[in-house]
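Please read this briefing next to the sequence and the 3D view. The points are grouped by topic.

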Amino acid sequence: MAYTTIDDPAIYFNTIIYTGDGSGATVSGVGFQPDLNWTKQRSGTESHYLVDAVRGVTKTLYTVDTSVPDTIVNSLTAFNSDGYVHGDLNAYAQSSITFVSWNWKANGAGSANTDGSINTTKTSANTTSGFSIITYTGDGNASATIGHGLGAKPSLIINKNLTDNGYDWNVQHGSLGATKYLYLSTTAAVATNAGMWNDTEPTSSLFTIGTWDNVNKSSSTYLAYVFAPIQGFSKMGSFEGNSNTDGPFIYTGFTPSMILYKNADYAENWHIQSLAQESINPNNNQITPNMNYAESSDANTNIDFLAQGFKMRSSHRTSNYGGDTIIYAAFAAAPFVNSNGVPCNAR
C-alpha cells in the first residue's frame, strides 16, 4: 500500500467557492497563504485571472488569451495567512456572481536560482508539495536550462512570455515527453517542435528550453509554473479513451480535489472539474481554461470522483474517445491511506 508524505493536502492546495458582493472583500478559508491564485467566475463570463506571489499582487494574467500581464489595482490586492484580499473588479467581486478559486502554496516571493545556464530572477519552490513558480529572462540559446528547485523531475510545466503580446501559454506534460507541447490557451492538439523544450527531458533540478520566442526570446521575461508529482498529493498522467460510459479508471492514490485534463490528440477544450464545484457523482460541472465561458454542467465531461482516483463516465471525444490520449493533472482532497497507513479518503 502506497503511503503519502502529506496527510492534509489542504495545507498546500485548496479550492474556495464564494459569492461576490460588488466591493472589495477578504476571501478566507484557504488554510494557508497562497502563492498562486487562479480565480474564475462560475456564473459569469469574465476571464480566468491568475496572480502569484513571485510577480506580485495586482499583476494579472489570463489563460484565455496571449496578452502580457496587466496591472489592475482593484484585482487581487493582497495575500494573507488564510486567503487573499481583492478589490471591486468584476472578475473577483461582481455582485451575486459565484466564483471558484484554486490556490497553491509555493515558498513566498522566492529568490534567484543559479542551477541552470540562465539564472532565474525568482524561484519560489516548495519541495514538499512539488510546486514552484519561476521568472527568468530568455537568452535565445538552444539548450538553455532553468533551475526549478523541486529536487524531483517535473511532470507538468506551464510557461508564458511576459514581455511580448501574441504568445500562448505553453505546456510540457510528462506523459507526452519533451519533444511535444500543448497550448493551454487554445484547443490545439499536441504538436512536435524542438524549439519549445529542445527535445530534452527535465531533471530533478533543471528543465530545458529551445530557441522559440514562446519560451526563450533574448531579453524577454518569462513565467513558469512547475509541478512534480507527490505520492498521495498530486499526479500527472494520461490514459487511452474507450468511447464508453463505463470508461477507464485512473488510479491516483487519493480522492481528487481538482482535475485539469485535455484530449491531447484532438482539437478539444481543456477542462477543470473539482469537488468544490460539484460533490455528487457523476461530476460534470466544468470550467474551460481556454475560454471565458461560465461554468456549465456537461454530460460529455461526466467523471466519478472516487477514493483512489477517478473514472470517466462519458463516451465523448473531449474526455474519453476510443484510442485518443487524454492527459491530466490531479490534486488531492485526501490521500487514500495516510502516512501511518490509516485509510482517510474523502469519498
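Two strands pair if DSSP finds at least two bridges between them. Helices (H or I, at least four residues) and strands (E, at least two) are DSSP runs, numbered from the N terminus. This is a predicted model, in which local features need pLDDT of at least 70 and side-chain atom pairs count only at pLDDT 80 or more, while totals for chains, interfaces and linings use all residues. Residues are numbered from 1 along each chain as its sequence is written, and side-chain values use heavy atoms, with hydrogens and water left out.

**Sheets and strand pairs**

- An open sheet of three antiparallel strands has the order E2-E8-E7. Its edge strands, E2 (25-28) and E7 (76-80), each pair on one side only. The twist from one strand to the next averages 20°; axes here are lines fitted to C-alpha atoms, for helices over the stretch in contact, and angles run from 0 to 180 degrees between N-to-C directions.
- Within this sheet, four bridges join E7 to strand E8 (residues 83-86) in the antiparallel sense. The bridge partner of Phe-79 in E8 is Tyr-84.
- Another open sheet of three strands, also with antiparallel pairing, runs in the order E20-E26-E25. Strand E20 (249-251) and strand E25 (303-306) are its edges, each pairing on one side only. Neighbouring strands of this sheet are turned by 20° against each other on average, direction ignored.
- E25 pairs with strand E26 (residues 309-312) over four bridges in the antiparallel sense, and Ile-303 stands opposite Met-312 in E26.
- Strand E12 (residues 144-147) and E17 also form an antiparallel pair with four bridges. Here Gly-147 stands opposite Leu-206 in E17.
- Strand E17 (residues 206-209) points Leu-206 and Thr-208 one way and Phe-207 and Ile-209 the other way, and all are buried. Buried means under 20% relative accessible area, exposed over 50%, and partly exposed in between (1.4 Å probe, protein chains only).

**Nonpolar cores**

- A nonpolar core is a set of buried Ala, Val, Leu, Ile, Met, Phe, Trp, Tyr and Cys residues joined through side-chain atoms within 4.5 Å. In soluble globular proteins, nonpolar side chains tend to be buried together.
- The largest core has 37 residues, and those with the most contacts inside it are Trp-102, Trp-104, Tyr-225, Phe-227 and Phe-331. Strands that each supply at least two of its residues include E3 (36-41), E9 (98-104), E18 (221-227) and E27 (325-335).
- A second, separate core holds 20 residues, among them Ile-134, Leu-150, Phe-207 and Ala-228.
- Apart from neighbours within four places in sequence, Phe-331 has contacts (heavy atoms within 4.5 Å) with residues including Phe-13, Trp-104, Phe-227, Phe-233 and Met-258.

**Aromatic rings and charges**

- Rings of Phe, Tyr and Trp (its six-membered ring) pair if their centres lie within 6.5 Å; planes under 30 degrees apart count as stacked, over 60 as edge-to-face and the rest as tilted. The count comes to 21 aromatic pairs.
- Tyr-49 and Tyr-62 form an edge-to-face pair, 4.9 Å centre to centre with 80° between the planes. Tyr-49 lies in strand E4 (residues 49-52) and Tyr-62 in strand E5 (residues 59-62), so the pair ties together parts that are 13 residues apart in sequence. Both Tyr-49 and Tyr-62 are buried.
- Tyr-181 and Trp-212 are also edge-to-face, at 5.4 Å centre to centre and 70° between the planes. This pair links distant parts of the chain, 31 residues apart: Tyr-181 is in strand E15 (residues 180-183) and Trp-212 in the loop between E17 and helix H3 (213-216). Tyr-181 is buried at 10% relative accessible area, whereas Trp-212 is partly exposed at 24%.
- Ring pairs also link a cluster that includes Tyr-12, Trp-169, Tyr-225 and Phe-331.
- The charged end of Arg-317 sits over the ring of Tyr-266, 3.9 Å from its centre, and over the ring of Tyr-321, 3.8 Å from its centre. The rule is that NZ of Lys or CZ of Arg is within 6 Å of the ring centre and within 35 degrees of the ring normal.

**Backbone details**

- Asn-281 and Pro-282 are joined by a cis peptide bond with omega of about -5°. Pro-282 is in the loop between strand E22 (271-274) and strand E23 (285-286).
- Ser-219 is not a glycine but has a positive phi of about 75°. Ser-219 lies in the loop between H3 and E18 and is exposed, with a relative accessible area of 58%.
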